[in-house]
Amino acid sequence: MDNLSDILLAIFLTTLSTWYVKFLWSRRHLYLHAWNVPGPLAFPIVGSAYKALRSNAGLIEVFNEFYEYPGIIKVWFSTKLWYVVFEPKYLEKVFTSPDLLEKPHDYKRLTDIIGDTIFTPSVKKSKRYRRAVAPIFYKNAIDSYVKGFAESSADFAKVLRSLAGRKDLDVEMLCLRYTLDTTCKSIFGFGVPVSGSEAGEHDYGYCLRKVAEISTYRFVRIWFNVKLIYNMSRTKQEIDKWNNLIHAHILSMISTARRLQEIQTNSEDSKNGNSKYESDFFKSFIRGSEYTEEEIVDTIKSLFSAGVDTAASVLCSTLMMLALHPDAQQKVYEEVMEVVGHRQIEHTDLQHFRYTEMAIKESMRLFPPTIIFARDSTGAVNLGEYVLPKDGAVVIFPLVIHRNPTVWNDPLKFDPDRFLPDEMAQRSPYAFVPFSHGVRNCIGWQHAMWNLKTAIAGIIREVKVFTGYQSVEDIKLNCELVLTYTHGSKLWFEPRE
Ligand code: HEM
């Protein structure tokens, strides 16, 4: 009997070792290319995943450790090889490589939040949906939204005036309501006016924040890669709850848009050819027959999840930076008064808000809303001194790129002049990547910039902004799907005369 169990054990161990050797052999190209790339200690199976198991706020400390490496780091996360790249010379190769266009399948785990159309890993499939939503982002279309942005920013300023003097406001939630309102107007033609009411499940923005928080928790715990463990966890129940609420919000927006469209189609105005809600996008995408209902819902979900939280994060960080730097705030105020005074902001004004734009970009440099994005390598990519092999992946942390001391002098100093044309000409375009670059860059970047300029101008001419923070270092960050602040925005407002 003893002999039999010894034999069985020997067979088992031999099979296991043979399988393991075969597994390593099939991946030899990964080890060969990665051996000279510096990186943290990696253990079999778990790789360097232990590094990500610190608290969310602790990830910032991990980011700071990156600067000990020469702009590129090899990280084994479980059995997958990732290169974290943050030096512009490597980033240029990354963003221009035809072999780095596919998103990793890890994005699939976020399908409930970001949809599986534009954000889908396959670049070929994604292109079809990018084309479908392109009319929303045509230059003429964006110009036409500025009227709506201006009305919303005036409403937002009124809410802030009504809350004057009150400290510890949940400004992040108000910013989310503003960007939800304006994004909704651009896509559907109707808004969801900004209000100062309590946040809760009825708030799309609140649900988005909740799901982002819990999904980040899930992402860094590799045992949730095992479906059975994840399916039995409370984390899944929580994520499902918030995702269902988000789904219901999106369905309700689409059905309101269709109802309004119906009313409009039957109205006299429409019969005379003056349809308010009939955009090219609406005609071809929502009313056309080329896309299924599921594709429509998924794509609208992608636009909202990609555009609302991110723009809100920049609005909030710009207000925080202007509050922390009264000189810069005064310059923005003077520029706005010189260009528009108290009249309604129009799209032709936006090109003259030069300092305001630089202040927004500098805030986005210090606090880039998209914490992380990644690409799979479908072929070997030559990065100069190093090669990223096929079946690896590259990961981009804009925060690390934007605070890299070898590129940005005194990186934690808020200095909008860094974005003066002469200064920018001396820096690689890959040193500033809040919207990513290349084929799969942000489709909504110009919408975001126009919206943010209108919002900041509309707010700063009405109220003065103050903060309880003493410095940029003081602001502790949470690395969720979108950047948030551990201690909130700590802002308060006083009306201008
Ligand atoms: C300041 C605001 C914004 C920032 C910082 C930002 C940033 C980004 C980044 C970094 C990506 C690449 C993500 C990845 O590769 O995984 C991205 C993609 C995307 N963004 Fe934005 N975004 C902003 C606003 C918007 C807005 C307003 C919209 C639309 C209303 C939008 C729609 C999208 C879409 C649809 C994608 C996916 C593109 C693709 O995969 O081909 N974004 N954004």
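Predicted model: local features only at pLDDT ≥ 70, side-chain atom pairs only at ≥ 80, totals over all residues.
Is Ile396 buried or exposed, judged by the other C-beta atoms within 10 Å? Ile396 is buried, because 22 other C-beta atoms lie within 10 Å, where the cut-off for a buried residue is 20 or more. Its place is in strand S6. If we set aside the neighbours within four places in sequence, Ile396 is in contact with Val85, Ile372, Phe373, Ala374 and Val433. A further pair may be checked on the screen: the C-alpha atoms of Ile396 and Arg375 are separated by 8.6 Å, and these residues are 21 apart along the chain.

Phe373 brings me to the ligand. There are 25 residues around the ligand, and those that come nearest are Ala306, Gly307, Phe373, Cys442 and Gly444. By class, this shell consists of 13 nonpolar, nine polar and three charged residues. Which helices supply at least two residues each of the shell around the ligand? They are H6, covering 123-133, together with H14 and H19. The helix that gives the most is H14, with seven residues.

H14 runs over residues 293-324, which is 32 residues. From its first C-alpha to its last it reaches 47 Å, close to the 46 Å expected at 1.5 Å a residue. H14 is also mostly covered, with 27 of its 32 residues buried. Glu294, which has its place in H14, counts as exposed, because it has 11 C-beta neighbours inside 10 Å. Gly444, as I mentioned, is among the residues that come nearest to the ligand.

Let me turn to how the helices pack. The axes of H14 and of helix H16, residues 354-366, come within 9 Å and cross at roughly 105 degrees. The two helices are therefore roughly perpendicular to each other. On the H14 side the contact is made by Val314, Ser317, Thr318, Met321 and Leu322, and on the H16 side by Ala359, Ile360, Ser363 and Met364. This contact of H14 with H16 has six nonpolar residues, three polar ones and no charged ones.

The second pair is H15 with H19. Helix H15 spans residues 326-339 and helix H19 spans residues 445-460; their axes come within 9 Å and cross at roughly 95 degrees. The contact of H15 with H19 divides into six nonpolar residues, one polar and no charged. H19, it will be recalled, is also one of the helices that supply at least two residues of the ligand shell.

I now come to two backbone details. Asp391 has a positive phi of about 75 degrees, although it is not a glycine. It is found in the loop between strand S5, at 387-388, and strand S6, at 393-396. Asp391 counts as partly exposed, because it has 16 C-beta neighbours inside 10 Å. Lys490, likewise not a glycine, has a positive phi of about 50 degrees. Its place is in the loop between strand S9, at 483-485, and strand S10, at 491-495. Lys490 is partly exposed, with 19 other C-beta atoms within 10 Å; the cut-off for a buried residue is 20 or more.

How far apart in space are Leu8 and Tyr355, C-alpha to C-alpha? They are 75 Å apart, with a separation of 347 residues in sequence. Leu8 lies in helix H1, residues 2-26, and is exposed, because 10 other C-beta atoms lie within 10 Å. Tyr31 is in helix H2, residues 28-34. With 12 other C-beta atoms within 10 Å, Tyr31 is exposed as well, since the cut-off for that class is 12 or fewer. The C-alpha atoms of Tyr31 and Pro389 are separated by 9.0 Å, although the residues are 358 apart along the chain.

To close, I return to H14: this helix has 27 of its 32 residues buried, gives seven residues to the shell around the ligand, and crosses H16 at roughly 105 degrees.

How values were computed: Residues numbered from 1 in each chain as written. Axes fitted to C-alpha atoms, helices over the stretch in contact; angles between N-to-C directions. Helix = DSSP H or I, 4+ residues; strand = E, 2+ residues; numbered from the N terminus. Nonpolar A, V, L, I, M, F, W, Y, C, P; charged D, E, K, R; others polar. Expected span 1.5 Å × (residues − 1). Near = placed C-beta within 6 Å. Parallel < 35°, antiparallel > 145°, perpendicular 65-115°, else oblique. Contact = placed C-beta atoms within 7 Å.
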